[in-house]
Amino acid sequence: MGGTAIIITLGCRLNRADEALLTTRLEEAGFQVAAPAPGVEPELVVLNSCCVTAEAERKSRQAARRVRGRWPRARLVVTGCAAELHPDSWRELDALVLTNAEKRELGAFPVRSRHRAMRDSAPAIFEERVWSRFPFRSRAFIKIQEGCDNFCSYCIVPYVRGPERSRAAAEVLADCRQALAAGFPELVLTGVNTCAYRDGERDLGALVEELGREPGNFRIRLSSTEPHPANRKLLAVLARTPKVCPFLHLSLQHGCDRILERMNRHYRAAEFAGFVAEARAQLPDLHLGTDFIVGFPGETERDFAEGLAFAEAQNFANIHIFRYSPRPGTPAASAPDPVPPAVAARRYEALHRVAEAGRRRFADSQLGRVRSVIFEELHADGRIYGWSDNYLRVRAPRGCYPLRELVELELTPDLLVRD
């Protein structure tokens, strides 16, 4: 056992956190984990796949075929959500398939067992029993939570990630401390539904406060959060914890109550707007991002117009826009009144214009502000690029600032990337 291994990760921040755990498992099994590069000939390639949309699943299969073409002699392991959804469909690529639950067995490679854990037997509190390793990243993505109980009518994630469960707080904190000791200046806490985190009496707010008391010059970022009214108490925690980035990605999905109900989202537009108003009141210079689906089954021109107006009123700093993609096995996949692709494309472009205007307004509003910045990459243009704490793209000439360290900068027009 051993040799060179490569991990290829697609999809969400949780998958990136899983990649860090897979890296440790492979290294403990004797593999040297390398980045894909000319001259690297791996014995093992792990594809950490995604299927949140049909396009994501297509890209996962495309990546697997590229692996087979580039490294035909390598052993291919496919894991992640696309492997969970259609495990038998990867046989044509001679791939070993590991479900999300079986990822933990990667350290015992090769895995022979094909059993699946029962969904209802998943423990509410789990441990990974390895530390996260990030040999090719500038930020540490720390997995704190798994699974989702929301069952939105369009979403395949609860079926491939299982029920909500939380990583033991002691292990989360220890993993964070390991990352800080390794010199990472930013910790990204991630999960399917991070706001569902709970280990005993310790919820997400308590975990963030405890982590914020750790010594050192670093910052904490939360991945996607839910706008449910019960999560409002988290805002006060974020406001009084200086190391937390003024950044929230609140999944809206639509701004029309009729469509939100059809989506089985657990709030309405007015509740979302109230959450946003309170967040902005408590967190100055907040970067507020969201997700929005256009072309959901039954979405009329009036529904879309209402959603578009709502999105514009919220003045988001960024919007991840998705054209509805039916996922077999979800209630919406068989819903009546599908929206024609050409109509969905037109609605996408209309919302994209709103999103771009909001992105530019937020960037312009931050000119002259002093923010913490981490430069992460050196580009071919001779400049270094990074991100502010409130998630604005920043660039500077090479050598002006150190890489992978927190620096305080005034955001001037020559530093702030606005195009």
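I call a residue buried when its relative accessible area is under 20%, exposed when over 50%, and partly exposed in between (1.4 Å probe, protein chains only). With that cut-off I looked up S153: at 8% relative accessibility, S153 counts as buried.

**Ground rules.** This is a predicted model, where local features need pLDDT of at least 70, side-chain atom pairs count only at pLDDT 80 or more, and totals for chains, interfaces and linings use all residues. Residues are numbered from 1 along each chain as its sequence is written, and side-chain values use heavy atoms, with hydrogens and water left out. Helices (H or I, at least four residues) and strands (E, at least two) are DSSP runs, numbered from the N terminus.

**Entry: S153 and T330.** I found S153 in the loop between β8 (145-146) and α4 (157-161). I then listed its contacts (heavy atoms within 4.5 Å). Not counting residues up to four places away in sequence, S153 touches R262, M263, N264, F296, T330, P331 and A332. I followed T330 next. T330 sits in the loop between β16 and α11. T330 is buried too, with a relative accessible area of 5%. Leaving out residues up to four places away in sequence, T330 touches S153, Y154, C155, I156 and Y159.

**Entry: helix α10.** I checked its length. The expected span of a helix is 1.5 Å times one less than its number of residues. For the 14 residues of α10 (residues 301-314) that should be 20 Å, and the end C-alpha atoms are 20 Å apart, which agrees. Which residues of α10 are buried? I noted D303, F304, G307, L308, F310, A311 and Q314. Seen down the axis of α10, these buried residues fall within an arc of 165 degrees, so they line one face of the helix. The arc is taken from the directions from the helix axis to the C-beta atoms. The face turned away from the buried side carries the exposed residues R302 and A313. The buried residues pack against α8 (257-263), α9 (269-282), β15 (287-294), β16 (318-323) and α11 (341-365). After α10 comes N315, whose phi is positive, near 55 degrees.

Entry: Two strands pair if DSSP finds at least two bridges between them. I read four strands in the order β19-β18-β17-β20, with antiparallel pairing. The edge strands β19 (393-397) and β20 (406-410) each pair on one side only. I then looked at β17 (residues 370-378): β17 and β20 pair in the antiparallel sense over five bridges. L406 in β20 is the bridge partner of I374.
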